[in-house]
Amino acid sequence: MQTSTASAHKLPFASDYAQGAHPSIIECLAKTNMEATPGYGTDAYCGHACALIREACGAPEAEVHFLIGGTQANKVALDALLAPWQGVVAARSGHVSIHEAGAIEAGGHKVLEIGGEHGKLSAESVNAFATAWEQDGNRDHMVMPGVVYISQPTEYGTLYTLSELEALRDACDAHGLRLYVDGARLAYALAAPENDVALPDLARLADAFYIGGTKCGALLGEAMVFPHPGICPHFFTFMKQEGALLAKGRILGIQFDCLFADGLYQRIGAAADAQAARIAAAFEKTGCELVHPQQTNQVFVALTEEQEERLSHACDMSFWERLPDGRTVYRLATSWATTEDDTDALVSILGEL
């Protein structure tokens with residue numbers, strides 16, 4: 001098996017899904033490998049995982065469905081939630097807006113972009129956008145807003161507060177909109193020191209949300225939650241039609257069973273957030289600008305050409321954007337797999353930057 005020579009000796013901070021899976025998950029998968037189970041998520045492992053998720057969300061009647069990845073989850077759920085003539089309202093920096101290769105549009109629904117601050121939509125901006133559509137004399141010739149998309153944490157790793165989510169829910173209710181929450185990195189949000197939003201809050205406020213596994217310790221997989229059953233009738237069949245129903249569904253159920261059986265999901269998030277906080281503090285100590293507040297497992301930093309050159313030799317990072325002043329914004333992400341040794345090494349390098 002070949003490995004990438006380009007990053008073989010670099011510190012791994014490019015993403016939070018570079019490694020395989022948490023050892024506990026690998027152990028669970030290996031232990032159950034030779035069992036024969038029913039397919040398509042109808043097995044006992046998926047059933048138990050669904051029960052654990054319902055309990056954690058305080059939503060005993062919730063529908064829970066397992067999908068493979070984040071883009072697939074967003075595309076299938078939003079397609080099911082939207083009428084054919086509707087679009088989804090999202091921040092310009094939202095994942096569905098910029099990092100899903102037009103998946104939502106490819107499904108026949110326009111992404112209606114509006115401004116946000118550090119990746120967050122405000123209730124005021126949603127209200128203003130929906131009101132403008134309602135009062136437009138040409139609205140019957142326009143795409144109708146149907147769902148508000150947000151992520152927790154945002155694309156920039158920032159957090160919605162409980163009061164902000166409640167205000168968004170009120171704005172959605174005022175205009176007949178549904179609220180959808182992308183939880184690709186939800187473990188890191190739930191465990192963040194500044195967070196005041198729990199899973200039961202999401203179940204109370206969102207029409208649909210998913211609990212991310214791919215970026216939170218699993219090999220692959222996301223758990224879609226509809227707190228109120230029936231909001232998307234026949235979603236199981238719709239998943240099948242969209243090519244989103246995994247035949248070996250137990251692979252997903254076993255992983256979420258493992259993540260939610262003993263608090264592993266929360267522990268994974270807390271460890272990654274703590275490492276990211278150390279990295280953010282080290283960057284600030286060098287005088288580098290953090291372009292977004294570090295609240296979860298992602299650090300966005302502006303580097304000069306010289307700093308970029310020196311750091312890129314020792315550390316894998318993700319390019320984000322060029323700034324008008326010539327600096328480049330890079331993202332560094334920690335994960336369940338980030339070790340103290342890796343963080344110590346990076347902090348040491350930053351001390352000489």
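Reader: Which residues touch the most other members of the largest nonpolar core?

Author: In soluble globular proteins, nonpolar side chains tend to be buried together. A nonpolar core here is a set of buried Ala, Val, Leu, Ile, Met, Phe, Trp, Tyr and Cys residues joined through side-chain atoms within 4.5 Å. Buried means under 20% relative accessible area, exposed over 50%, and partly exposed in between (1.4 Å probe, protein chains only). The largest core has 63 residues, and Ile 53, Phe 66, Phe 209 and Ile 211 touch the most other members. Another core lies apart from it, with 27 residues, including Leu 82 and Tyr 149.

Reader: What should I know about the model itself before going on?

Author: This is a predicted model, in which local features need pLDDT of at least 70 and side-chain atom pairs count only at pLDDT 80 or more, while totals for chains, interfaces and linings use all residues. Residues are numbered from 1 along each chain as its sequence is written, and side-chain values use heavy atoms, with hydrogens and water left out.

Reader: Which residues is Ile 53 in contact with, leaving aside its neighbours within four places in sequence?

Author: Contact means heavy atoms within 4.5 Å. With those neighbours set aside, Ile 53 is in contact with Val 64, Phe 66, Ile 211, Ala 223, Val 225, Phe 256 and Phe 260.

Reader: How many salt bridges does a search of the whole structure find?

Author: Side chains of opposite charge can pair when their charged atoms come close. The rule for a salt bridge is a side-chain nitrogen of Lys or Arg within 4 Å of a carboxyl oxygen of Asp or Glu. Searching the whole structure gives 13 of them. In one, Arg 169 meets Asp 207 at 2.9 Å, N to O. Arg 169 lies in helix H7 (residues 162-174) and Asp 207 in the loop between helix H9 (199-205) and strand S7 (208-212), so this pair ties together parts 38 residues apart in sequence. Helices (H or I, at least four residues) and strands (E, at least two) are DSSP runs, numbered from the N terminus.

Reader: Are Arg 169 and Asp 207 buried or exposed?

Author: Arg 169 counts as buried, at 11% relative accessibility, and Asp 207 counts as buried at 12%. For another case, look at the salt bridge between Glu 308 and Arg 322, at 3.9 Å, N to O. Glu 308 is in helix H13 (residues 305-312) and Arg 322 in strand S12 (residues 318-322), 14 residues apart. Here Glu 308 is buried at 15% relative accessibility, whereas Arg 322 is exposed with a relative accessible area of 54%.

Reader: Where is Lys 215?

Author: Lys 215 sits in the loop between S7 and strand S8 (222-226). Lys 215 counts as buried, at 14% relative accessibility. Ala 184 is 31 residues from Lys 215 in sequence, and their C-alpha atoms are 6.4 Å apart in space.

Reader: How many aromatic pairs are there?

Author: A pair of aromatic rings is described by the distance of the centres and the angle of the planes. Rings of Phe, Tyr and Trp (its six-membered ring) pair if their centres lie within 6.5 Å; planes under 30 degrees apart count as stacked, over 60 as edge-to-face and the rest as tilted. By this rule there are nine aromatic pairs. Phe 260 and Tyr 265 form a stacked one, 5.1 Å centre to centre with 25 degrees between the planes. Ring pairs also link Tyr 156, Phe 300 and Trp 320 into a cluster.
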